[in-house]
Amino acid sequence: MIAIQAGSKSEPITTRRGSSDREHVGRRAIGLALAALAGFVGTAAAQEAPEAKHHIEDGMAQEVPAFSDPDLWVRHDLWVEAEFDSDDDGKPDRMHVGVTRPKQTETEGLKVPAIYVSSPYFAGTAGSAQSLMWDVRHELGAEPPARPDPPEIRRRENRPIISNDEVKTWLPRGFAVVHSSSPGTGLSQGCVTIGGDNESLAPKAVIDWLNGRAKGFTSPDGDEEVVADWCTGKVGMTGTSYNGTLALAAATTGVEGLEAIIPIAPNTSYYHYYRSHGLVRSPGGYLGEDIDVLYDFVRSGNPERRPHCDCTVRDTEMAEQMDRLTGDLNDFWAGRDYLNELGPLKAPTLMAHAFNDWNVMPEHSVRIYEAIKAKGVPAQIYFHQGGHGGPPPPDQVNRWFTRYLLGVENGVEQEPLAWIVREQDDRTKPTAYPDYPHPDAEPAVLHPTPGAPKAGGLVLDPLDDAQGTETLVDNVSFDGATLAKAEWTNHRLLYATPPLSTEVHLSGTPRLTIRLASNTPAANLSVWLVALPWESGPRSSITDNIITRGWADPQNSQSLSESAPLTPGEFVTLSFDLQPDDQIIPEGQQIALMIFSSDREFTLWPEPGTELTVDLDATSLELPVVGGADRLAEAIRDAEEQPPRVDTSE
């Protein structure tokens, strides 16, 4: 911009010899007019040029015009050198990284924090996962049929844009957005390990690069360096499912500069994902999946190194240690449990999960949330009532990252610890609670009374008379919903409270203690907690009826790490947790415990016929009730003495 200023050295105002006073006054007037015009032009131009700095309102970073034009964003990619060589080629693996940042970081020396997402999915997958699955139709403890050969993955080479996730949200607010492909996927080097150490160290390397501690290069094999001199060094990570797992994985390294994480439905333990209390159990919706299936699904990296990775990781380590025959816990699985790695973690953590997520079940976030709180690290948790995925409300995410990446004292650390979307409420409008589980939740212990093959009762005070035993016959032909709705069947045992006279708030993790015997050396054990009568219709779903679920292997009654074959007819006692929940059971409904053997949606499918006999006197259900046993007693008062009335009809 050219500014004309009166009195400048280039244009001095003087009285020229021989000029009249009128000429002098005229020239001075023109000069003053030009000066005024210059000032106006300068002011107008300043008003038209938006200011390139963060704008905060209500404790949140707002969109700023200077950052909002996508045509002016700077995009580039690079390879960050990590501290491992997971594909054994004699060179440190390099991770492919994509960056999108405001132009002012290039033109004005502006430094900004970064929102970072890492994933194995950015470059494509094996397509239909069903073609990779194990066949679940075989006897427990028997060698399963061979798994089909995996198809080749066609890698998407879409550099420099690895992904556009988060870009539209954070660039206009003055943040950079960084993406990386995890080891052995896309253009990143190394091997896929599904929870191995390199999957924690890879995002650590990227954060080190953003802080000037690691080297970045313009190519996977070259030596031309790229520096992140545009970054403040403050990084926040987020992501859903596997991407959320990698955010937590990075935080377990204690890397400096990772200021906050928001993992959404993260898998925090591969044992808990593929096993349940010793039982081989599939994640919901992916019957027959195991850790080697996920490996084949995401291995989109360099085809030249794939055979080596397949041999060392899938065909050796996984094949020898995943133990699909017994489902026992071992060092292989313990090394893929992030609860065991939390020591160095110091990043404030906002967990997000759904109570009806039967893929990555809610225990994954609850166990980590409780451990992080115990460390004294700031933590909050958001729950909704839907299925897999679902981030916290945008304002909550914004406040979290604004607090920890921009240093704005907006008070998030003083807010309630738990945010739960109540039944039928909008996901963006959670109810605040002091914590999860609710601080007023206390255990209420319920005991079954006989009724098979129909339904028995579920009472607070055990009866004086012995309740005896009841037997079910396994038949995987019937799914859980069919069994729960059946008025009469010998393929499950069902025990229900009387109809509630007032609503009951459950908050926490139910626990079942059960004494049973099998007529075979191995058996599945499945448990559903359901609300009756069973609702169906165009507006209802199975999640409207299921309170929570659980699965266990009776062969692991004494130890998760060592199975013991069952002696037919000999009773064993198991105590195990069901999945955490927070649900308000309305007046008029009944809380029912359903015990059955093979779960068609989750377990292996042995031939029908195994009999499980349950000792009712040594079996009990512990429910976390807000208000405890007294509150539950109030809701079922005067009904316990009457015969149980169970309506399983639709």
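Q: Which residues are linked in a network of salt bridges?
A: The network joins Arg 147, Asp 292, Asp 296, Arg 299, Asp 310, Arg 314 and Asp 315. A salt bridge here is a side-chain nitrogen of Lys or Arg within 4 Å of a carboxyl oxygen of Asp or Glu. By this rule the count comes to 34 salt bridges. The model is a predicted one, in which local features need pLDDT of at least 70 and side-chain atom pairs count only at pLDDT 80 or more, while totals for chains, interfaces and linings use all residues. Residues are numbered from 1 along each chain as its sequence is written, and side-chain values use heavy atoms, with hydrogens and water left out.

Q: Why is the pair of Lys 204 and Glu 83 called a salt bridge?
A: The N to O distance between the two side chains is 3.4 Å, so the pair meets the 4 Å criterion. Lys 204 lies in helix H4 and Glu 83 in the loop between strand S3 (74-81) and strand S4 (94-101), 121 residues apart; helices (H or I, at least four residues) and strands (E, at least two) are DSSP runs, numbered from the N terminus.

Q: What makes Lys 204 buried or exposed?
A: Its relative accessible area is 17%. Buried means under 20%, exposed over 50% and partly exposed in between, with a 1.4 Å probe and protein chains only; Lys 204 is therefore buried. Glu 83, at 56%, counts as exposed.

Q: How do you know that Arg 101 and Glu 106 meet in a salt bridge?
A: Their side chains are 2.9 Å apart, N to O, so the distance falls within the 4 Å limit. Arg 101 has 7% relative accessibility and is therefore buried, whereas Glu 106, at 51%, is exposed.

Q: Why is Glu 413 classed as it is by relative accessibility?
A: Glu 413 has a value of 30%, and therefore counts as partly exposed. The side chain of Glu 413 meets that of Arg 403 in a salt bridge of 3.1 Å, N to O. Arg 403, at 14%, is buried.

Q: What makes a set of residues a nonpolar core?
A: The set consists of buried Ala, Val, Leu, Ile, Met, Phe, Trp, Tyr and Cys residues joined through side-chain atoms within 4.5 Å. The largest such core has 51 residues, and those with the most contacts inside it are Val 178, Trp 209, Leu 210, Trp 230 and Leu 258. Helix H4 (residues 198-210) gives the most to this core, with six residues. A second, separate core of 38 residues includes Leu 500, Ile 514, Ile 591 and Val 625.
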